[in-house]
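Reader: I'd like to go through this one with you, term by term. Can you show it to me?

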Amino acid sequence: MKPEDVKVCVIRIEGTNCEDEMAGAFEAVGAQAEKVHLKQLIKQAPAGLRRDLEDYDVLAFPGGFSAGDYVRAGAIFAARIKAGMGSEVRRFVEDGKPVLGVCNGFQILVELGLLPAFEGTMSDVPAAALYTNDSGRFECRPTVLRNDSRGKCIFASSIPEKKLLTIPSAHAEGKLLSMDPDFVQKLEDNDQIVFRYVCPDGSPARYPWNPNGSQSDIAGICNPAGNVMGMMPHPERVMTRFTHPDWTRGYISEEGDGRVVFESVMRHLEKR
Amino acid sequence: MTVIEIRIELKKGVADPEGKNTRKTLESLGFEGIADVRSVKLFEVELDMPADDALKAGEEMCRKLLANPVIQNYRVTVR
């Protein structure tokens, strides 16, 4: 598949934001990205505006907020997806097509039951939660992530193992929680842990480098098949060096650290 | 018309930063003897059905949207 043939659906509902950056990031690596409202996908739009999820190669849930983040962050978006196009999304995932959720998008994927998805493609009720940061407030700053994927996750497939990336975080509810005592071990065994927060020297993160108190410093996870990935930090915000905090002070690459996430999925699709 | 009250609270063992922060602030205002402050969420839903059915509907609402069973417990009562 050629990059220009890759069609990305950046899905939104009322109150979604960051969809411009998400679409821009996919366009920057050569794909065609379209911002599509949920109603366009569930036949609640005029004929000319209707879209079919099947026609897309990648589904992306943008970060920011959605539906006022009432009830819980991402819960309303997830419920609307489940009610309107749950089976289409399930089929999309089962076809092995890549699904990315950033920040609010990660919260939506967890609420949808697409992550961690230990059993089956999509659980009926959430099997984890992205809960209020330990600090009890919105945390917004650069964070350093280590690629801990051992090769399964499509979105990290072109990133060298253990490589550190500086990617900004901005959220109030990013603490990955489960009541299952073996939760982290299961993720580890399945190669589902993609990114961990670390200190800039690569040592285990402490606050503020782990902005939310997430178990085992987890910043991003994928499903057991590796084609659905959710992460709290925003790779789409660092596509060029100019949006890095230290871009005038020794940051050498012309490319931003977030770019490899999008290049990974494009390289994966090229091989298909 | 039946009005149900849906109370969503955090499970035991789940940290409650909002409650903790509120407690600290109350103490800084001079309130003494506070043993704990917990945050809970309350929804009132008006339903055009008898109480039994309303309770059942409330449970289903929690399962499908209002509560995340990983971190929250819920209680539905008729008001």
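Reader: What makes you say that helix α4 of chain A lies across β3, β4 and β11?

Author: Helix α4 (residues 104-112) lies across β3 (58-61), β4 (99-102) and β11 (228-231) of chain A, where contact requires C-beta atoms, placed from the backbone, within 7 Å. It runs at about 120° to β4(A); axes are lines fitted to C-alpha atoms, for helices over the stretch in contact, with angles from 0 to 180 degrees between N-to-C directions. Helices (H or I, at least four residues) and strands (E, at least two) are DSSP runs, numbered from the N terminus. This is a predicted model, so local features need pLDDT of at least 70 and side-chain atom pairs pLDDT 80 or more, while totals for chains, interfaces and linings use all residues. Residues are numbered from 1 along each chain as its sequence is written, and chains are lettered from A and ligands numbered from 1 in the order written.

Reader: Why is the sheet in chain A called open, and which strands are its edges?

Author: Nine strands run in the order β2-β1-β3-β4-β11-β10-β9-β6-β7, with mixed pairing. Pairing takes at least two DSSP bridges, and β2 (32-37) and β7 (164-171) each pair on one side only, making them the edge strands. β1 (residues 7-12) and β2(A) have six bridges, in the parallel sense.

Conventions:
Two residues are in contact if their C-beta atoms, placed from the backbone, lie within 7 Å.
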